[in-house]
Amino acid sequence: MNVVIASSSIDCGIGCWDLQTGAEQLRYKTCASPPHGLTSVGCRFLACSQLRDPSATSGHVFYWSWFKPQAEVKSFPAEPIKPLAANSEGSYIVGGGSSGDIYFWEVATGRLLRKWHAHYRAVTSLVFSEDNSLLISGSEDGCVRVWSLFIIFDDVRRQQASHLYEYSFTEHTLRVTDIVMGYGGSSAIIVSASEDRTCKVWSLFRGRLLRNIVFPSIIDAIALDPGEHVFYAGSRDGKIYIAALNAESSPSSSYGLHIIGSLSDHSKPVTCLAYSAEGNLLLSGSEDGLVRVWDVKTQNIIRMFRHAKGPVNNILIVRRPLPLGRAGSKEQASSRRHETSLPPPLEKYANSTDEDMDNKAIITLPATSDLPSYLSAQLINDHVKELQEFCVNELLDGEQMEGSEGKSL
């Protein structure tokens, strides 16, 4: 079952609805989340950072199982955690601190494997790459940084490197509000939004800016079309702008260069977006307390959810497991009980007695019948280099063709 999960900045819980029927499933209690503070951990349970008072010097991270409304596990990190993200398998959770530090925990044990100073100001957004080898962070300092987890967990390379990040994109002049990443691992594109009213498209392979788009209003949320032809940008004027990545756009557009249209129905700022490839649906949340489901082909609203009394600031689309009572056999029921058992709380500090083990932590990659369950950083880099030239050039070629056509006119 695909469900829509939405949270708020005020303590009015987490809403959960069936995406297909619109029926409310369960309301999870006691939650006041910052933007990007809600995540699904391997589709097994929900995790959310808690930040009721922006000036607080401490924060919390809560876990909810799918079928109980109360938070069952509570963690107390060393500082307030704003964005929270889990890798695709749900084996690791990463959090961004108000100090600019990034915390990297192992879910199964709760161990704090790594902490590093990533930004000069608070971290605002965190995104894993599709292959889980990279972490992208945005900050109130206006910077977008790309972190290779192979370097973060390799002591020799850490000591040899002048800095830990792969790239540091500093072209934004104000706070970064959202980041999305396309497909292709180290050859993917990144789109970042900022309070400077721009969205910028970056090439990971080239390590440079591909496209800069200026919007009529500040953009707080972005969602990428799976085909990577356009992206959607939710703005503080209540509109959702449609911006071209590869498609041509007219300089005479009423919204600006590369902006090819808009969706408009929210009465207040759009705060969060999510895209469902099943059915080509765009979901938008707003300060008006509503979640709208858009059919992107017709640009019509097909469903709306009301989130209690508070503004919506996070949306997830998650494939939720069936309740235990609907399991088809004893074996399935036993499997589901195992899946729904929650791990221990996240450590506040790294255990100094386990320092040597922490230094040897291994980031595992999805195993196949032909590959071992983990690979060295050098081998990964060799594979990436072989694929990069083939994977990255579509957008760049499009830009070059536009330039050549302009010269020939």
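Mentor: Let us begin with a term: two strands pair if DSSP finds at least two bridges between them. Please keep in mind that this is a predicted model.

Trainee: What makes strand 23 and strand 24 a pair?

Mentor: The cut-off is at least two bridges, and strand 23 and strand 24 (residues 281-286) are joined in the antiparallel sense over 6 bridges, so they count as paired under that definition. Within this pairing, Ser276 has Leu281 of strand 24 as its bridge partner.

Trainee: Why is Gly185 called buried?

Mentor: Buried means under 20% relative accessible area, and Gly185 has 6% relative accessibility, so Gly185 counts as buried. Its place is in the loop between strand 15 (176-181) and strand 16 (189-194).

Trainee: Which residues is Gly185 in contact with, leaving aside its neighbours within four places in sequence?

Mentor: They are Glu130, Asp131, Leu134 and Leu204, where contact means heavy atoms within 4.5 Å. The C-alpha atoms of Gly185 and Asn132 are separated by 8.1 Å, although these residues are 53 residues apart along the chain.

Trainee: Where does the annotation "repeat: WD" apply?

Mentor: According to the unreviewed UniProt entry, it covers residues 116-149, 169-212 and 263-304. In the model, residues 116-149 are 3% helix and 56% strand, with end C-alpha atoms 12 Å apart.

Technical notes: Residues numbered from 1 in each chain as written. Predicted model: local features only at pLDDT ≥ 70, side-chain atom pairs only at ≥ 80, totals over all residues. Heavy atoms only, no water. Helix = DSSP H or I, 4+ residues; strand = E, 2+ residues; numbered from the N terminus. UniProt positions renumbered as here; feature names shortened; annotations may be inferred. Buried < 20%, exposed > 50% of the residue type's maximum accessible area, 1.4 Å probe, protein only.
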